[in-house]
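Me: I have a model open and would like to learn how to read it. Please take me through a few features in turn.

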Amino acid sequence: MAFLRSLAFSAVLLLLIHAAHCFYLPGVAPQDFQKYLTDFFNISLVQGDPLQVKVNKLTSTKTQLPYSYYSLPYCPPQKIQDSAENLGEVLRGDRIENSLYVFKMREPQMCNVVCNLKLNAKTAKQFKEKINDEYRVNMILDNLPLVVPIKRNDQDSNVYQLGFHVGLKGQYSGSKEEKYFIHNHLAFIVKYHKDIQTESARIVGFEVKPLSVKHEYEGKWDEKKTRLTTCDPHAKHTVVNSNNPQEVEENKEIIFTYDVEFQESDVKWASRWDAYLLMNDDQIHWFSIVNSLMIVLFLSGMLAMIMLRTLYRDIAKYNELETQEEAQEETGWKLVHGDVFRPPNNSDLLCVYVGTGVQFFGMALVTMMFAILGFLSPSNRGGLMTVMLMLWVFMGIFAGYSSTRLYKMFKGSEWKKIALRTSIVFPAVVSAIFFVLNALIWGQKSSGAVPFGTMFALIFLWFGISVPLVFLGSYVGFKKPAIENPVKTNKIPRQIPEQAWYMNPVFSVLIGGILPFGAVFIELFFILTSIWLNQFYYIFGFLFLVFIILIITCAEITIVLCYFQLCSEDYLWWWRSYLTAGSSALYLFLYATFYFFTKLEITKLVSAILYFGYMLIASYAFFVVTGTIGFYACFWFTRLIYSSVKID
């Protein structure tokens with residue numbers, strides 16, 4: 001009961017951490033906007049601070065291929081200016097640029113004409129393709145993404161969807177012919193929180209209602225003089241519905257317009273992201289994940305208790321044996337003490353993968369700590385990916401140290417060879433997959449393709465920083481005294497007796513991966529949803545709890561199966577301990593396949609290849625992390641039990 005109470009307290013504490021408001025880092029500090037700019041005598045000179053709307057990429061959950069906003073023939077400014085982007089934003093495919101949508105603070109606008117466009121065969125085809133693939137337009141105002149509020153059926157609150165659709169498909173009443181319609185009128189709502197003392201305001205919401213309207217006017221088009229008959233601010237006639245929508249066809253003229261409405265809000269600037277981060281049904285999420293984690297913890301605790309009680313009895317029994325004849329009659333894990341620390345086959349590769357796993361483990365742990373403390377706010381776009389990349393690079397020193405320490409224990413002497421392989425093997429495999437996927441993205445002319453400059457920066461981080469740090473860590477690790485084994489290794493290997501069917505290495509390894517996967521599969525659903533369905537993921541309190549449970553589960557299941565293996569007088573535990581926990585990555589990939597066919601609507605071959613390519617990289621990384629956790633748990637366990645018995 002005391003264990004369960006402490007567990008419940010820890011869970012509640014982490015949930016409170018999740019619920020707490022996070023602070024913002026420098027660089028995303030609040031910006032105050034004035035309604036009037038005045039001179040020294042408080043005389044109004046200019047009305048309203050300008051609000052510049054920036055446009056971002058076009059995204060689709062059906063293709064997973066982002067495109068820049070101006071890849072479609074939308075109204076461009078005289079000079080398109082790219083905003084400065086960090087490494088994570090570029091890798092995510094973000095392309096943030098200026099636009100013709102410019103407001104003035106707290107000054108409503110009605111029926112502002114952006115431009116008119118006459119479609120030709122090419123531009124009409126471009127719009128139709130994006131509408132058919134359900135692409136959404138993303139915009140940003142004061143670092144807040146544009147959202148479309150959708151009323152919940154059972155509640156008064158809204159669900160917010162990022163961006164608005166380029167257009168939609170439909171039929172006229174009485175017709176079966178499907179037509180394409182474009183959203184050419186945007187009714188913006190800017191929500192602000194006003195400071196009573198200074199009269200300044202901060203933007204706390206940016207919403208839009210997209211409409212498709214076939215605008216009409218009299219005479220010839222003159223951008224400065226022509227008045228629309230369908231939308232006239234002088235006559236107080238505005239657009240309220242899409243009863244007369246704008247078709248997308250060759251030779252059709254499209255007029256882009258927008259309204260701006262300002263609404264005062266009680267939401268403070270520090271809480272303005274709350275509505276964006278509460279898009280999912282929290283009740284189902286919390287109940288499911290807590291249930292899963294508690295069950296996994298209970299099962300792991302039961303397995304650990306059974307194993308420890310049995311092991312304690314074995315040690316006491318072995319230590320009570322008085323004669324050599326009695327010892328020879330015994331069977332079990334003590335009989336393989338002369339072979340249990342014999343270096344395994346391909347020990348160099350094992351050292352490399354253990355070092356890589358340490359590197360990944362350190363990156364994941366520190367990243368989650370930063371996220372829980374609020375350093376990776378969603379307002380800092382690309383921050384999470386940038387931090388992960390930088391931590392991966394600098395954790396190279398621990399990778400080199402870990403791999404070389406293990407290598408020296410195996411009586412190895414060429415530490416530079418191990419250092420080079422540790423710094424090359426995993427990144428080379430990932431890079432090969434990444435380059436193939438990037439080439440496919442380039443072929444689709446998507447903004448998600450990594451530019452050559454960014455590619456060069458990634459290569460520099462790898463060879464210019466990570467590789468030298470791995471060598472530095474290897475040098476320090478090799479200078480340390482070799483790890484001494486608690487028992488001596490025989491010169492001649494002991495023959496392994498025939499094993500029962502359930503101790504078959506393949507069967508044992510596959511069974512071992514089920515429990516670690518069970519610890520994460522519910523949280524994995526929400527992570528995949530945030531990545532592939534373009535939603536925010538920001539419940540790092542839960543994620544950290546899942547990570548801790550994953551560590552415990554990997555360690556316990558590996559130790560249990562390792563104990564059974566040694567009791568069967570099979571001393572080849574090195575690689576099996578790594579693969580037992582690492583096999584959970586296989587179930588992760590199978591679950592990702594199941595998710596692809598049940599939750600996603602991807603129909604294009606390139607998009608499917610991208611999905612499975614990136615999930616293969618994620619599963620490979622998960623294999624390295626979990627395998628390393630299992631290996632170190634089994635390594636500690638075997639050293640502990642063989643140092644606890646008297647070996648004659």
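Me: Is Q535 buried, exposed or partly exposed?

Reply: Buried means under 20% relative accessible area, exposed over 50%, and partly exposed in between, with a 1.4 Å probe and protein chains only. Q535 is partly exposed because its relative accessible area is 25%. Q535 lies in the loop between helix 13 (514-532) and helix 14 (540-567). From C-alpha to C-alpha, Q535 and L162 are 7.7 Å apart in space, although 373 residues apart in sequence.

Me: What should I know about the model before going on?

Reply: Residues are numbered from 1 along each chain as its sequence is written, and side-chain values use heavy atoms, with hydrogens and water left out. This is a predicted model, in which local features need pLDDT of at least 70 and side-chain atom pairs count only at pLDDT 80 or more, while totals for chains, interfaces and linings use all residues.

Me: What average pLDDT does the protein chain have?

Reply: pLDDT is the predictor's confidence in each residue, from 0 to 100. The protein chain averages 83, and 87% of its residues score at least 70. Over residues 1-27 pLDDT stays under 50. Where pLDDT is low, the predicted coordinates should not be read in detail.

Me: How many helices and strands are there in the protein chain?

Reply: Helices (H or I, at least four residues) and strands (E, at least two) are DSSP runs, numbered from the N terminus. The protein chain has 17 helices and 15 strands. Of its 648 residues, 50% count as buried.

Me: Which strands does strand 13 join?

Reply: Two strands pair if DSSP finds at least two bridges between them. Strand 13 (residues 185-194) runs antiparallel to strand 14 (residues 201-211), with ten bridges between them. I189 stands opposite E207 in strand 14. Six residues lie between the strands of this hairpin, where E199 takes a positive phi near 65°. Strand 13 is also joined to strand 15 (residues 253-264) by eight bridges, and these two run parallel. There, V190 has F262 of strand 15 as its bridge partner.

Me: How many residues does the largest nonpolar core have?

Reply: A nonpolar core is a set of buried Ala, Val, Leu, Ile, Met, Phe, Trp, Tyr and Cys residues joined through side-chain atoms within 4.5 Å. The largest one here has 84 residues, and L566, W573, W574, F631 and Y642 have the most contacts inside it. Helix 17 (residues 605-642) supplies the largest share of this core, 18 residues. Apart from it lies another core of 57 residues, including M139, L141, V248 and Y258.

Me: Which residues does Y642 touch?

Reply: Contact means heavy atoms within 4.5 Å. Leaving out residues up to four places away in sequence, Y642 touches W333, K334, V336, H337, V340, F341, P486, V487 and L566.

Me: Why does D142 count as buried?

Reply: D142 counts as buried because its relative accessibility is 18%. D142 sits in the loop between strand 6 (136-141) and strand 7 (144-145). Apart from neighbours within four places in sequence, D142 is in contact with Q31, F33, I203, W269 and R272.

Me: Which residues of helix 8 are buried?

Reply: In helix 8 (residues 383-394), the buried residues are G383, T386, L391, W392 and V393. These pack against helix 2 (87-92), helix 7 (347-372), helix 9 (396-409), helix 10 (415-443) and helix 11 (452-479).

Terms used:
The expected span of a helix is 1.5 Å times one less than its number of residues.
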